Amino acid sequence: MYARSFGATGISVPVIGQGTWRMDGSERAAAVAALRAGIDAGMSHIDTAEMYDDAESIVAEAIAGLREEVFLVSKVVPGNATRRGVVRACEASLRRLKTDRLDCYLLHWPGHHPLEETIAGFEDLRRDGKILSWGLSNFDVDDLDAALRIAGPYRIACNQVIYHLGERAIEHAVLPWCAKNGVALVGYSPFGSGEFPDPSSPGGRVLAGIAEAHGTSPYGVALAFLTRLDNTFTIPKTVRASRARENAAAADIHLNAAEIALIDAHFPRGPRPRTLPML
């Protein structure tokens with residue numbers, strides 16, 4: 001599995017990881033098997049959150065006996081993001097995940113509690129060894145600037161945002177900001193949450209043609225495109241072990257300039273939106 005440095009942490013993390021949003025709605029044994037298949041295939045970056053209902057306990061089952069192999073991420077909801085609330089929420093996640101630490105802990109989206117309090121809570125957790133790094137999710141440039149002013153450089157490990165072929169808004173400003181400031185960009189919902197290009201559409205046919213040339217699927221081509229830049233990562237979710245292995249194999253796909261240009265032409269990033277898209 002191809003890996004790169006996760007922002008300024010210096011930790012090498014696979015470019016393709018595993019998401020768990022809505023995983024709790026699936027058959028538990030299948031979900032656990034898919035996560036384990038992904039880990040076996042090199043997708044050791046596993047992302048979850050306290051608001052994902054039972055997902056943290058599913059992850060706990062999947063990583064049992066494998067904790068040292070996993071880069072584990074969870075998130076605190078903004079309503080819990082006071083200085084003391086962050087600590088309590090993290091400790092609850094650690095209990096559900098049956099581990100003593102997180103590799104990275106994120107604020108799920110900007111909220112009404114002062115960001116100074118949230119970051120202070122993160123730093124308390126980091127000092128106590130309960131998290132090794134912290135980051136943000138669904139933050140636009142103005143919010144990222146505010147966090148940087150509070151925390152200082154090289155403290156924000158990542159920003160997790162929606163990023164798929166049909167939603168490339170982050171390429172206007174958020175992605176360049178992250179690259180400039182040493183922050184990893186983690187794209188969620190890389191297959192569009194049920195809106196993956198139809199095979200009969202012009203864009204779908206382009207993906208199919210490129211996939212055939214690389215001996216992969218259109219989904220693999222999408223993942224390769226979304227991780228083509230040096231600070232980008234992606235976290236597809238699946239509850240099928242076969243799809244997990246297929247997702248992992250996409251890390252070995254290297255698109256050439258002509259293929260990237262063709263995808264770009266059929267899935268343009270469009271104009272910069274007034275607000276950052278999110279799910």
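The radius of gyration is taken over C-alpha atoms, and the rule for a globule is 2.2 Å times the number of residues to the power 0.38. For the 279 residues of this protein, a compact globule would have a radius of gyration near 19 Å, and the protein agrees because its value is 18 Å. This is a predicted model, in which local features need pLDDT of at least 70 and side-chain atom pairs count only at pLDDT 80 or more, while totals for chains, interfaces and linings use all residues. Residues are numbered from 1 along each chain as its sequence is written, and side-chain values use heavy atoms, with hydrogens and water left out.

**Overall architecture**

- The protein contains ten helices and nine strands; helices (H or I, at least four residues) and strands (E, at least two) are DSSP runs numbered from the N terminus.
- The C-alpha trace spans about 50 × 40 × 30 Å along the principal axes of the protein.
- Of the 279 residues, 54% count as buried, where buried means under 20% relative accessible area, exposed over 50%, and partly exposed in between (1.4 Å probe, protein chains only).
- A contact means heavy atoms within 4.5 Å; among contacts between residues at least 6 apart in sequence, 77% join residues at least 24 apart.

**Surface and charge**

- The protein exposes about 11800 Å², of which carbon and sulfur atoms supply 50%; the areas come from the Shrake-Rupley method with a 1.4 Å probe.
- There are 29 positive and 33 negative side chains, and the centres of the two sets lie 3 Å apart.
- In this count Lys and Arg are positive and Asp and Glu negative, whereas His and the chain ends are not counted.
- The place of a charge is taken as NZ of Lys, CZ of Arg, CG of Asp or CD of Glu.

**Annotated regions**

- An unreviewed UniProt entry gives the annotation "domain: NADP-dependent oxidoreductase" for residues 16–266; such annotations may be inferred rather than shown by experiment.
- That span is 43% helix and 13% strand, and its end C-alpha atoms lie 23 Å apart.
- UniProt, again in an unreviewed entry, places the feature "binding site" at His108.
- His108 lies in the loop between strand S5 (104–107) and helix H4 (115–127), and it counts as buried because its relative accessibility is 6%.
- Leaving aside residues up to four places away in sequence, His108 touches several residues, including Tyr52, Lys75, Ser137 and Asn138.

**Buried helical positions**

- Ala34 belongs to helix H1 (residues 28–40), and its relative accessibility of 0% is why it counts as buried.
- With residues up to four places away in sequence not counted, Ala34 touches Gln18, Thr238, Val239, Arg240, Ala241 and Ala244.
- Ala34 and Pro202 are 168 residues apart in sequence and 31 Å apart in space, C-alpha to C-alpha.
- Helix H8 (residues 218–226) is largely enclosed by the rest of the structure, because seven of its nine residues are buried.
- The buried residues of H8 include Val221, Leu223 and Phe225, and the buried residues of this helix pack against helix H7 (202–214), strand S9 (232–234), helix H9 (241–249) and helix H10 (257–266).

**Positive phi angles**

- Most residues other than glycine have a negative phi.
- Arg22 has a positive phi, near 65 degrees; Arg22 is placed in the loop between strand S2 (12–14) and H1, and counts as exposed because its relative accessibility is 53%.
- Tyr154 also has a positive phi, near 65 degrees; Tyr154 lies in the loop between helix H5 (141–151) and strand S7 (156–162), and counts as exposed at 61% relative accessibility.
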